[in-house]
Each structure stands twice: as C-alpha cells, then as structure tokens.
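Let's take a walk through a structure together, one piece at a time.

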Amino acid sequence: MSEQEKPKIEPGVCIPWEEKRKEFSQITGDEELVKRVWEEVDALGYLYIWQCLLSF
Amino acid sequence: MSDEMEQRYAQRMKRYVTAMRNEKPDMVPIRPFVAEFTAKYAGYTCQEVTQDYEKAFAAARKCAADFDWDAVVANMVYGWSGLTQAIGLKYYAVPGIEIPPDTGFQYREPPEEGAWMQPDEYDQLIADPTGYLFNVWLPRVSADVCATGEPASYRNNLSFLKGGMAMLQYFGDFGTQAALLRSESGTVSAIAGILKAPFDIIADKLRGYRALCMDMFRQPDKVLVACEALAPHLLHVAASGADPDRNVPVGLWLHRGCVPFLSPDQFEKFYWPTLKQIIEGLWEQGIQTLFYAEGEWNPNLKYIAELPEQSIIYHVDRGDIFEVHKAVGHKFCLSGGVPNELLAFGTPDQVRDCCKKVIDGVARDGGYIMDASAIIQNDAKVENIMVMTEFTREYGVY
C-alpha cells in the first residue's frame with residue numbers, strides 16, 4: 001500500500017503503545033518489556049473482534 | 001502416535017501438498033469439506049454439533065477414521081453457538097432454538113433500514129475499522145453489548161468475559177483436534193486461518209447485500225475506500241492464522257463475487273482489486289489461499305488468471321470445471337466439481353460416472369483434489385460419499 005493509504009491504527013492493534021505510554025509518568029525498568037507485553041495482549045483484543053466479524 | 005499412523009499422515013500430507021502445488025502426487029487426494037454430513041454419519045443432530053462442539057469434533061474424527069480421506073477441516077460445521085450466545089449475536093439462527101434441530105445454522109440478514117452499518121457510517125469505518133467494529137458494529141449485532149455512552153450492564157460485561165474466554169477455549173481446542181486427527185487416523189487438517197473478501201465483509205456483516213447494491217450506485221467511492229480500509233486488516237488476520245509450515249492454505253470463503261450477484265463491471269471495480277491485493281500479499285509470505293468459489297465464477301476466470309502461479313487452490317462449485325481447467329488449470333490446482341445435488345439425490349452409479357468424468361477431464365497431470373462442489377451437509381447420502389471416496393482411490397492412481 002502507498003504511504004497515504006496506510007491505516008491510522010495498524011492492523012493487529014486496538015490501543016497503540018504510544019497512546020498507552022502517555023499514562024505512565026515514568027517507567028523505572030525495562031520499557032521494551034512493558035511495550036512488548038502490552039502489544040501482545042492488545043493483539044488478543046484485536047483478534048477477538050476480527051474473529052467475531054470473520055468467523056462467527 | 002503409532003509409526004503406522006505417522007507414516008500415513010506423512011504420506012497424505014505429501015499427496016495433498018503436491019497436488020496443491022499443481023504437481024502430480026501418487027494419487028488424487030481426497031479432501032471433502034464435510035460439514036453437517038459428519039453429524040448425520042455419526043448419529044448427531046445439527047443442534048448437537050452446533051451447540052456442543054466436542055460432538056462436532058468427535059463426528060469429524062469418526063468420519064476421518066472411517067473414510068479414506070487425506071485431509072478434512074477439523075470442524076467444518078464451524079459455527080459454535082456457545083460462543084455466539086455468550087456474545088449475544090443476533091444474526092445467528094441456531095438449530096434447536098430459532099430453527100429445527102436438524103437444520104444447519106443460518107445467518108440472518110436484517111432489512112435494509114436495520115442494516116448493522118448505516119449508509120452514513122462509511123467514513124467512521126474507513127477512519128478506524130477496528131474502533132468501528134468495537135464501538136458501533138458490536139453493540140448493534142449483540143443483544144448484550146452496550147453502545148458507547150450507555151451505562152455498562154452486567155450482561156455487557158459478561159459478554160466480553162464469556163465471549164473472550166469461549167473463543168480462547170474453542171480455538172485452543174482446534175489444536176487438540178488437529179493432533180487427534182493426526183494420531184487417530186493419520187488425517188491432515190485441510191486449512192489454517194480464515195480470509196474473506198473486503199466486499200463480502202461489507203455485504204455479509206455490515207451493510208447487507210441489498211443495501212450494498214444501492215451503495216455501489218449512490219456512494220461508489222465510499223464503498224471502494226471502505227474495501228481498501230478493510231484489506232490490510234483482513235490480510236493481517238489471514239496471515240496470523242496461517243500454517244507456520246506453509247503446507248496447508250488459508251480458507252477464503254467467497255460469497256457475493258459470483259454471477260449473478262455482481263455484474264462483470266462491478267466485479268472488476270469493487271470486488272477484485274482489494275481481494276487480489278490480499279491474495280498476492282499472502283503469497284509473498286509463502287501462504288497459499290484456498291479460493292472457495294461458491295456459486296458460478298466462470299465469468300470471472302480472466303481475473304483469476306491474473307494471480308501468481310500456485311498462489312491459490314481454485315475450488316469449483318457451480319462453474320463448469322472443464323472450462324476452469326482449460327482457463328487456469330496450468331496455473332492452479334483445482335478441487336471440487338462433484339455436484340452436491342448428485343450426492344444428495346443421485347445414485348452411486350451416477351456419482352461414480354461423475355467422478356470418472358472429472359478425474360479424466362482435469363486430473364490427468366495432477367493438480368486436482370477430489371471434493372464436492374460445496375460443503376457437504378446432511379442431505380448427502382452416505383453411500384454416495386462412500387462411492388466418491390472408493391472410486392477415487394481405485395481410479396485416481398497415477
């Protein structure tokens with residue numbers, strides 16, 4: 001897809017990490033770990049709604 | 001797993017994959033999409049296999065063990081009303097509740113004015129498809145989910161909890177089912193993952209077919225942009241569920257692209273561009289698509305021929321399979337071509353003759369998988385399915 005056509009929120013994402021990150025005033029430890037786990041669990045929410053649409 | 005069963009599984013997988021790559025295996029693979037037929041054969045009602053998926057799984061395994069099939073879908077009935085009722089989905093008609101216990105489940109399309117997506121909501125869908133589905137679509141299609149701004153209810157909260165847990169359980173159990181098919185009967189799980197055309201999603205689950213037909217005239221640009229907005233998500237979901245070993249294809253269930261639902265111009269303009277883009281996107285990742293062309297698709301063959309060689313397995317329903325073979329058989333493996341009405345109302349001799357004609361006509365050089373034209377429901381006669389299987393095994397040896 002061209003740059004213009006790219007969706008505002010990427011496939012696989014409900015709430016982007018960048019949006020969630022703003023809720024933390026600081027992250028004292030490994031931010032990448034927090035980010036990765038947030039994104040993995042967020043993807044389950046994405047899977048839920050798209051599977052409702054496609055499979056049921 | 002016994003060595004014998006593992007050997008059988010490996011042999012069947014090789015046969016199935018070789019044919020899907022449009023090459024010649026040792027014999028014609030058999031991969032019937034048996035849905036409610038499994039219930040009939042195993043002694044269950046449609047209500048039992050729709051509401052209790054363990055019975056659907058057991059029925060699929062019994063068929064796989066009793067018939068000499070190379071691959072089956074782990075549960076071709078597929079819909080599980082335990083999940084749809086947990087979410088409160090309104091568009092499902094469940095056997096034993098809204099429809100008779102021995103009728104397969106049905107999708108209900110609302111009247112145009114009550115469409116799940118209203119005609120002025122395209123921009124919302126286009127801007128954020130996932131957000132639209134959660135915030136607008138789901139509250140409409142569910143009896144329990146509250147719309148944004150409404151106070152949350154007990155039923156709303158439960159629908160997400162129960163729906164999410166049920167989905168996790170159901171999909172997780174597909175893994176167990178695939179392992180049991182392999183260990184008990186050496187049968188391959190025929191597909192992995194799901195895909196639908198963007199246009200079909202709008203027709204089936206959002207605007208409804210009738211309303212979408214009007215939209216193609218009243219607001220064609222919105223329809224096109226909505227298809228483009230859905231496409232990357234549908235590609236993502238299909239790729240996420242695909243076979244990591246890239247052996248079996250993603251299932252693509254095609255609904256409204258056939259004749260007479262769309263004119264050739266409408267197909268070219270609205271249906272095809274985004275679907276082609278998705279199939280090519282999957283193929284770039286090494287993922288084949290099972291192009292399940294429900295209905296009469298032969299007028300669209302010139303478009304199908306544009307797809308990369310081997311990128312699809314082209315399943316023939318109402319189209320003339322011999323014409324399909326002439327047009328795209330050099331590029332893609334074909335499957336299907338045995339009419340369901342023949343399996344339901346024909347004699348074993350007629351089924352045998354039809355299978356011979358299909359094998360002679362399209363399977364000489366490999367690249368063909370035996371199957372009925374459409375999914376096999378509980379109207380098919382057991383003896384006809386047996387004949388289709390046994391004849392193919394005897395006659396379909398290379």
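Before we look at any sheet, here's a rule: two strands pair if DSSP finds at least two bridges between them. The strands themselves (E, at least two residues) and the helices (H or I, at least four residues) are DSSP runs, numbered from the N terminus. What you're looking at is a predicted model, where local features need pLDDT of at least 70 and side-chain atom pairs count only at pLDDT 80 or more, while totals for chains, interfaces and linings use all residues. Residues are numbered from 1 along each chain as its sequence is written, and chains are lettered from A and ligands numbered from 1 in the order in which they are written.

Let's begin with the sheet in chain B. In what order do the strands of this open sheet come? Six strands build it, in the order 5-6-7-8-9-10, and the pairing is parallel. Strand 5 and strand 10 of chain B sit at the edges with a single partner strand each, so one side of each has no neighbour in the sheet. As background, strands of a sheet pair through backbone hydrogen bonds, either parallel or antiparallel.

Strand 5 (residues 194–195) of chain B pairs with strand 6 of chain B in the parallel sense, over two bridges. You can find them both: Ile194(B) has Gly251(B) as its bridge partner in strand 6, and Leu195(B) has Leu252(B).

Keep going and you reach strand 8 of chain B, which is parallel to strand 7 and joined to it by five bridges. Here Tyr292(B) stands opposite His315(B) of strand 8. On to strand 9 (residues 333–336) of chain B: four bridges join it to strand 8, and the two run parallel. His315(B) turns up again, with Ser335(B) as its bridge partner in strand 9.

How covered are these strands? We'll need a cut-off: a residue is buried if 20 or more other C-beta atoms lie within 10 Å of its own, exposed if 12 or fewer, and partly exposed in between, with C-beta atoms placed from the backbone. Strand 6 (residues 250–254) of chain B is mostly covered, as four of its five residues are buried. In strand 8 (residues 312–316) of chain B, five of the five residues are buried, so that strand is largely enclosed by the rest of the structure. Ile312(B), Tyr314(B) and Val316(B) are buried on one side of strand 8, and Ile313(B) and His315(B) are buried on the other, so to speak covering both faces.

Why does Ala58(B) count as partly exposed? Because it has 18 C-beta neighbours inside 10 Å. Asp365(B), in the loop between helix 16 (348–362) and strand 10 (368–369) of chain B, also counts as partly exposed, because it has 13 such neighbours.

Time for some helices. In helix 10 of chain B, the buried residues are Ala211(B), Leu212(B) and Asp215(B). They cover an arc of only 95 degrees around the axis (the arc being that of the directions from the helix axis to the C-beta atoms), which puts them on the same side of helix 10. In general, an α-helix has 3.6 residues a turn, so residues three or four places apart point the same way. The cover over the buried residues of helix 10 includes helix 9 (198–206) and helix 11 of chain B.How do helix 10 and helix 11 meet? The axes of helix 10 (residues 209–218) and helix 11 (residues 220–240) of chain B come within 5 Å and cross at roughly 115 degrees. That makes helix 10 of chain B roughly perpendicular to helix 11 of chain B. Axes here are lines fitted to C-alpha atoms, for helices over the stretch in contact, and angles run from 0 to 180 degrees between N-to-C directions. Angles under 35 degrees count as roughly parallel, over 145 as roughly antiparallel, 65 to 115 as roughly perpendicular and the rest as oblique.

Finally, chain A has two helices and zero strands. Across the chains, 18 residues of chain A are in contact with 23 residues of chain B, where contact asks for C-beta atoms, placed from the backbone, within 7 Å.

Terms used. Two residues are in contact if their C-beta atoms, placed from the backbone, lie within 7 Å.
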